Amino acid sequence: MAVVPVIPVMIPDLGEEEAQAAADAIRSGWVAQGPRVARFEQEFAAAVGAGHGVAVSSCTTGLHLALVLLDIKPGDEVVVPSLSFIATANAVRYVGATPVFADVELATGNVTVETVDAVRTERTRAVIAVHQGGVPFDTAALRKATDGWGIGLVEDAACAAGSTAYGAPAGTGARVAAWSFHPRKLITTGEGGMVTVDSVEAATRLKRLREHGMNVSAADRHASKQPVLEAYLETAYNYRMTDIQAAVGLVQLGKLAGLVAQRRQFAARYQELLSDIDGLVPVRDPAYGQTNYQSFWVLLDGFPVSRDEVLSTLAAKGVSARRGIMAAHLEPAYADMAAGPLPVTERITRESLILPLHHKLTEADQDHIVGVLRELAIR
């Protein structure tokens, strides 16, 4: 029986240059948080239009620190989309606050001013808005609204490196944004994340929070020619990135613009190939920005076959697709929490799927994937 070659849903773009950078970091003797982390912070912040970057161990820990920075406490409510990886909601629980789920708009999968306002209460202290799958939310509208309401806005930019809103990188102007370098993202450090802010005071505190609350970093202690007696100013965390990861991240950052351009070409071709298949609605750019197409998802809209059957058929034909974005309020971890009606969220999570998109995808791969979908459409 012939083996069907598999088209992966995602492949990280890692090669010899990243391997060499990691080896150089190891040979340097500085493998923990050090000079490469500092350089990666500076270069990443510049790439996304932020004043300061603070490297952390993951986007999840970055979201946690962002809420600590905003002084979110038990008894507070934080509005989040249910339509997001579960870490978005979990970060709220880490600080003892209550996540309140907002619905999203169908076209982008993102929260809006209206969906947030519908669940906002007098206990609401902050909103975590997600640039879902790399599709930017309406930053201008939501920043203006949260400022007017007097509450904080944390931007979950896990998937958004290389996306734009209103002609600028998605992180430009964010009070605080958290980013991911997981292998499913455009650029990766294996695991790892970044928090970006414009305030030097905020950056200073974030750096202290990620390193046990010390008033001086390990790098600064080692660089000093005199003994340094550090102090621990508050209860904090060990959320550091290593120099090995940062070395890989610096190489990856240099590839970002090319990866975005390539993915947008593949996405445009998908959109063209799918345009005459009834019942399939592919993700597109919003009017106010451009997505990096970290994920290319398709919504079933009257398609004759269920989402799960589509996934099974694609798998049988050698295509590794995925279900659409999860809905946290439907997971057992949140079964004890009441959620209001979230019809758009539930539709997207039930009736969407993610198609392969990565640097090794070929036009022949796309033709095969769309061919399978075309056959299903005429059943």
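Q: By class, what's in the lining of the second largest pocket?
A: The lining has 8 nonpolar, 9 polar and 6 charged residues. Ala, Val, Leu, Ile, Met, Phe, Trp, Tyr, Cys and Pro count as nonpolar, Asp, Glu, Lys and Arg as charged, and the others, Gly among them, as polar. This is a predicted model, where local features need pLDDT of at least 70, side-chain atom pairs need 80 or more, and totals for chains, interfaces and linings use all residues. Residues are numbered from 1 along each chain as its sequence is written, and side-chain values use heavy atoms, leaving out hydrogens and water.

Q: Switching topic: where is T88?
A: T88 sits in helix α4, residues 87–94. Helices are DSSP runs (H or I, at least four residues) and strands are too (E, at least two), numbered from the N terminus.

Q: Is T88 buried or exposed?
A: Buried, because its relative accessibility is 2%. The cut-offs are under 20% for buried, over 50% for exposed and partly exposed in between (1.4 Å probe, protein chains only).

Q: Which side chain makes a polar contact with that of T88?
A: That of D156, at 2.8 Å. A polar contact is a pair of N or O atoms within 3.5 Å; within protein, one must be able to donate a hydrogen and the other to accept it, and residues adjacent in sequence count only if both atoms are side-chain atoms.

Q: And R125, where's that?
A: In strand β4, residues 124–130. R125 is partly exposed, because its relative accessible area is 34%. Its side chain joins that of D76 in a polar contact of 3.0 Å.
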